[in-house]
Amino acid sequence: MLCDICHKREAKIYYTEIVNGEKKEQHLCEECAAEHTSFQMKMPVKGEFTLGNLLSSILQGYYNSEEKKQEESANPVCEHCGMSYEEFLKTGLLGCADCYQSFGSAILESLKNIQGSELHTGKRPKGYVKVKEVSKPVAELSEIDKLTIRLQQAIEREEFEEAARLRDEIRAKKAKEEEGVKKEGAPNA
Amino acid sequence: MRKWYEETAENGDVVISSRVRLARNLRSYRFGSRLSDEDAVRLVKEVQDAAPLVKEKDGKRYFLCNVNHLSEVNRQAMVERYVVSPTLAGKKQETGLILSEDESVSIMINEEDHIRIQSVTAGMDLEKVFAEANFIDDILSEQLSFSFDDRFGYLTACPTNVGTGLRASYMLFLPALTMTGRVEKLSEEMGKYGVTIRGLYGEGTKSQGCLYQVSNQKTLGRTEKEIIANLDCIVDQVIKQERRRREYMLQAGYDEIEDKIFRSYGILKYARQIGVEDAMTLLAQLKFGADAGVVKLKEDVNLHILMMNIQPAGLQKLLGKNVGSSVRDRARAEYIRNKLPDIERGQNS
Ligand SMILES: [Zn+2]
Ligand SMILES: [Zn+2]
């Protein structure tokens, strides 16, 4: 979506303003938002650069609208650290790592606004293994999941012969599973 | 042992230094805003316990300290030397530091995030400082378990740092763009590419001594390499613009500029009291003159270090005692008089 003011840049900020009791919704790019709204985009921040205040000002602008009343009942609270979403809006700082899960879609929305993205593509900690469903404890992983993990580790260690062997094993297992599904489905067909 | 800022480097006429900072948090503690005092003490200790491993693998000498136990002046002086952030220096809770002897690597503990790994070098070399910080990150992760999420990357207290946790920045010296009032416009243009510029000692885009910090705004959705490449690309443009402006200024009004620089030198050399802002402006003009060959310093003096040392707390530390601002202004003038080398007309005249 293009910015409502300049019609050139991509709109990244959704801004709701109440003017004379009338709700006015605008979709703005960062540059226009800085000029035409009350957000302070380029905060004179002393010392270490932080966008925390900017974030909270954007989100506050967003929620200081009529929607706020509706949101209040749905103001999520992080079970782990007790921080509420509204509290987070005031400071721009989260209470713990679990807040990212606890605030769910609200956090996702703000990441899109601030970062223009919601998916990490950079570094992973050494030895970190990506699995389809990360939260699964190892015991619950399927045979194929476990093999996939070993495959990734083998690739990371550049043990390509082992990797090729694991790849073939996974293929064979997958083929078997699919066959199993077909067989199960067969009597009903 | 020479400090990193005492080295001379490539593109030094515009790029003073390169710095990266990686934000990391430990799984087993809440973020700063929800961290109890006892947990802060435990956190600092747990991270400092990894220092021997860092020493062993990195081969540098490292010092440990608990920043909140230091005096106000010492903390402030560390901020002025960019060893710690103002956030860390201002915290009442337990805060820790693991600092390399040359001050190029500092690991801040219990800053906004549990860990901030910072690496700095003189001149333009983000690749080198990123490699260093990345290496330290790998070492620390052998002993500490970091909060990491498959989708959001490294989890940070503020969502503006989430993902890579990487803030890469250059410190730039932009006298010509400042004197011609181009920095505001530049700031707008850079914003479009997710790059921010702000004055180093001043507020917003105003700066003292024409020194600026330029850094990436976004940390999520692009790789560390992409972030650095993007910043390099923008800064290359800024360097070109600054140099073009300098050349133009020198061609258009060499005699005026030469006169201005010698006058600035005159004040610096003979003033009996001088405020930090005045001193920074005049030193910036002198540095510009020296870089551009309008004047020649008869001794090799690093003017950027001089700029760093005349900041209030740095000066206080050199004086070894707490003094009021008028005493400081006299001390500053004296310090500059003593440090300033003789000059002569440069090879360009
Ligand atoms: Zn626009
Ligand atoms: Zn939480």
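Start in helix 9 of chain B, residues 276-291. Helices here are DSSP runs of H or I with at least four residues, strands are E runs of at least two, and both are numbered from the N terminus. Select Lys287(B) and Asp291(B), which sit 4 residues apart in this helix, about one helical turn. They form a salt bridge, with the closest N and O atoms 3.1 Å apart. A salt bridge here is a side-chain nitrogen of Lys or Arg within 4 Å of a carboxyl oxygen of Asp or Glu. Lys287(B) is buried at 8% relative accessible area, while Asp291(B) is partly exposed at 34%. Buried means under 20%, exposed over 50%, and partly exposed in between, using a 1.4 Å probe and protein chains only.

This is a predicted model: local features need pLDDT of at least 70, side-chain atom pairs count only at pLDDT 80 or more, and totals for chains, interfaces and linings use all residues. Residues are numbered from 1 along each chain as its sequence is written, chains are lettered from A and ligands numbered from 1 in the order in which they are written, and side-chain values use heavy atoms, leaving out hydrogens and water.

Next, go to helix 1 of chain B, residues 37-48. Select Asp39(B) and Arg42(B), 3 residues apart, about one turn of the helix. Their side chains meet in a salt bridge at 3.0 Å, N to O. Asp39(B) is partly exposed at 24%. Arg42(B) is partly exposed too, at 47%. Over all chains, the count comes to 30 salt bridges.

Now cross to chain A. Select Asp150(B) and Arg124(A), whose side chains form a salt bridge at 2.9 Å, N to O. Asp150(B) is in the loop between strand 6 and strand 7 of chain B. Arg124(A) is in the loop between helix 6 (104-115) and helix 7 (143-156) of chain A. Asp150(B) is buried at 14%, whereas Arg124(A) is partly exposed at 27%.

Stay between the chains and pick Asp137(B) with Lys123(A). Their salt bridge has its closest N and O atoms 2.5 Å apart. How many salt bridges are there between chain B and chain A? The count is 4.

Show the whole interface. In contact (heavy atoms within 4.5 Å) are 52 residues of chain B and 48 of chain A. The area buried between them is about 4500 Å², with carbon and sulfur atoms giving 55%. Buried area is the accessible area (1.4 Å probe) that two parts lose on being put together, summed over both. Highlight Arg34(B), Asp150(B) and Pro159(B): they supply 15% of the area that chain B buries against chain A, more than any other three residues.

Finish inside chain B. Which residues have the most contacts inside the largest nonpolar core? Select Ile115(B), Leu140(B) and Leu172(B), in a core of 55 residues. A nonpolar core is a set of buried Ala, Val, Leu, Ile, Met, Phe, Trp, Tyr and Cys residues joined through side-chain atoms within 4.5 Å. Center on Ile115(B). Not counting residues up to four places away in sequence, Ile115(B) touches residues including Leu22(B), Val47(B), Met108(B), Leu140(B) and Phe146(B). Another core, of 41 residues, lies apart from the largest one. Select Leu200(B), Val294(B), Val301(B) and Met308(B), which are among its members.
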